Amino acid sequence: MSLFLEISFSAMANGLHNWLAGSISNATLVSVTEMAIAGVSLLLFLVPLCFFLGYMERKVAAFMQIRLGPNRVGPKGTLQIVADTVKLLFKEGLTPNASDKFLFNLAPIIVVVTSMLAMAPIAFAKNFQIWDINIGVLYVSAISSLAVIGILMAGWSSYNKYSLLGAMRSGAQIVSYELSVGLSLISIVILTGSLRMSDIVASQADGWWIIKGHIPVIISFVIFLIASTAEINRAPFDLAEAEQELTAGFHTEYSGMKFAMFLLAEYINLFIVSAIAATLFLGGWMPFHLGNWSFFNNVMDYIPGSLWFMGKTFLIIFIIMQFRWTFPRLRVDQLLTLEWKYLLPISMVNVIIVTMMAIFGWHL
Amino acid sequence: MELYDILFWVLSAIAVSCALGVILSRNPVNSVLFLILTFFAISGHYVLMNAQFLAIVNIIVYAGAIMVLFLFVIMLMNLNADVEPQKGQLVQLAGVISGGILFLVVLASIKTAKAEIMDKTSTDIGLISNLGKVLFKEYVLPFEISSVLFLSAMIGAIVIGKKEEVKTSATAKMEHVSE
């Protein structure tokens, strides 16, 4: 239809697959090569993404606090994050003497690997996914719940009371907020009838769920945003690394690249959470359509799906970044009260309402 | 050897060696971490059998929730040989006997069980829709009863937690008075 659709990402992936299948006869080798290519391209995508998110975080913070933010290194301060990375690379990676050295060095790797694994079922564009698994949504929630193991390992192996306290807080927080995240995901799964990411996106061809699903879906969208902000330990739920109370929480003892790994994982998690929200509630790579306005709809179709996806994802990232400078940090008891006394009951009732909507077909 | 066989053997080796690590490692935290790895290997087996749903539920429930709570408790208590009270000989003997009996039962059931070789390509019993149909059609009564069991366990935990709280506040009051 248009030039953009001709050279889409899925066409590139298909071309690569055909070329590999043609040049390598062994089917096993083909799939192994494809996995390697997918992994490398994921890394090549994630590193600039994290650079950009780091820059964006600083600029958004500056915007919220009416100051300029980084503006010295590079044009408009864009290279500031490169300078930071170089600084971290040259720093000494200390390992405390009393620590459990193996676990101490393993923990940042586990945290990064679990967050990278969760990228697998995310649909970046039409037919452009690493792994279109039939339980994509569950997969993401399972993998993202594993990050807490790495955090607990980091906190425990550091042999530092602040680290341990931070890890324990983070554990309690992630285990409790997982429930609300799961329930708000389930409400969309009920409406779609499938856990597969591509099916969920396809079900929004005639309208995004946040529009089609009326108020209950908006409620679950808001709950998802709150609970997933808590699950990725971002402010105002950053009790695990509350610097005024715990120095730096579970990564107090980490320095250099090992610390950078935690930072990397935080930004990847932020991206994943926003991508999931964009996929489930805002239609993923589906363009925005308005009823019968065929001219408007055609114009929207000309914008490639990957741009739609990235635009929605970064909108949600922008919102989550603004949370950080809008709300004060919660106390531990307030945190648990919010989840167990407010969010969980609301989302349980909400799931029942959404189920009724799906059964009686009340949604658009 | 196909990719399938290679993966099967690698996962089996990981599962068995990590299971050994659970019982052989001195540090309880390492034991729990080994157990998590074992669950991962078993989840890998589920994926090989085209049962992705079971694999993911295994990870969510065991590796993600139960093991995290285990880790939580063990790390907080910081168990080690100095703090841990040594068990008496009688208790150790009882443990060996009950463990041995369990081993016998498992061995007997494995011996009598018919070994069914799964057709690894065509099976789709682990897919979520098929699993749901089986659970809610053939096994609906056991399924519901076990959910009631879980509910009662949850309520029991809350009751015990509440009682503890009342007691501590009462003792705190008493301490306050005695001061």
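Helix α13 of chain A gives the largest share of the lining of the largest cavity, with 9 residues. That cavity holds about 390 Å³ of space, and it sits in a model that is predicted.

**The largest cavity**

- How many cavities of 30 Å³ or more are there? The count comes to 1.
- The largest cavity is lined by 30 residues, and those closest to its centre are A:S144, A:A147, A:E231, A:I232 and A:N269.
- Besides α13 (256–281), the helices α5 (101–117), α6, α7, α8 and α11 (214–231) of chain A each bring at least two residues to this lining.
- Sorted by class, the lining of the largest cavity has 19 nonpolar, 8 polar and 3 charged residues.

**The second largest pocket**

- Now for an open space: the second largest pocket has a volume of about 2,500 Å³.
- Its lining is made of 47 residues, and the ones nearest the centre are A:L179, B:I60, B:V61, B:A65 and B:M154.
- Which helix gives the most to this lining? That is α6 of chain B, with 11 residues.
- From chain A, helices α6, α8 and α16 (332–360) each supply at least two lining residues of the second largest pocket.
- The lining of the second largest pocket divides into 33 nonpolar, 9 polar and 5 charged residues.

**Where chains A and B meet**

- On the chain A side, 25 residues are in contact with 22 residues of chain B.
- Together the two chains bury about 2,100 Å² between them, and 83% of that area is on carbon and sulfur atoms.
- Within chain A, the residues that lose the most area to chain B are A:I149, A:W156 and A:M168, which together make up 25% of what that side buries.
- How many salt bridges are counted between chain A and chain B? The count is 0.
- Residue pairs in polar contact between the chains, with both residues at pLDDT 80 or more, also come to a count of 0.
- Four helices of chain A, namely α3 (27–64), α6 (136–144), α7 (147–157) and α8 (161–192), each supply at least two residues of the side that touches chain B.
- That side of chain A consists of 18 nonpolar, 6 polar and 1 charged residues.

**A serine in a loop**

- Where is A:S203 placed? You will find A:S203 in the loop between α9 (197–202) and α10 (209–212) of chain A.
- A polar atom of the A:S203 side chain lies 2.7 Å from the backbone oxygen of A:I200.
- The side chain of A:S203 also makes a polar contact of 3.2 Å with the side chain of A:W209.
- Leaving out residues up to four places away in sequence, A:S203 touches A:T192, A:W209 and A:K212.

**Salt bridges**

- Over all chains, the whole structure has 5 salt bridges.
- One of them joins the side chains of A:R324 and A:E57, at 2.7 Å from N to O.
- Because A:R324 lies in helix α15 (residues 305–324) and A:E57 in helix α3 of chain A, this pair ties together parts that are 267 residues apart in sequence.

Definitions and conventions:
Residues are numbered from 1 along each chain as its sequence is written. Chains are lettered from A and ligands numbered from 1 in the order in which they are written. This is a predicted model: local features need pLDDT of at least 70, side-chain atom pairs count only at pLDDT 80 or more; totals for chains, interfaces and linings use all residues. Side-chain values use heavy atoms; hydrogens and water are left out. Contact means heavy atoms within 4.5 Å. Buried area is the accessible area (1.4 Å probe) that two parts lose on being put together, summed over both. A salt bridge is a side-chain nitrogen of Lys or Arg within 4 Å of a carboxyl oxygen of Asp or Glu. A polar contact is a pair of N or O atoms within 3.5 Å; within protein, one must be able to donate a hydrogen and the other to accept it, and residues adjacent in sequence count only if both atoms are side-chain atoms. Ala, Val, Leu, Ile, Met, Phe, Trp, Tyr, Cys and Pro count as nonpolar, Asp, Glu, Lys and Arg as charged, and the others, Gly among them, as polar. On a 1 Å grid over the protein atoms alone, a cavity is a set of points where a 1.4 Å probe fits but cannot get out, and a pocket is an open set with protein on both sides within 12 Å along at least five of seven lines; lining residues have an atom within 4 Å of a point. Grid points are joined across faces, edges and corners, and a volume is the space filled by probe spheres set on the points.
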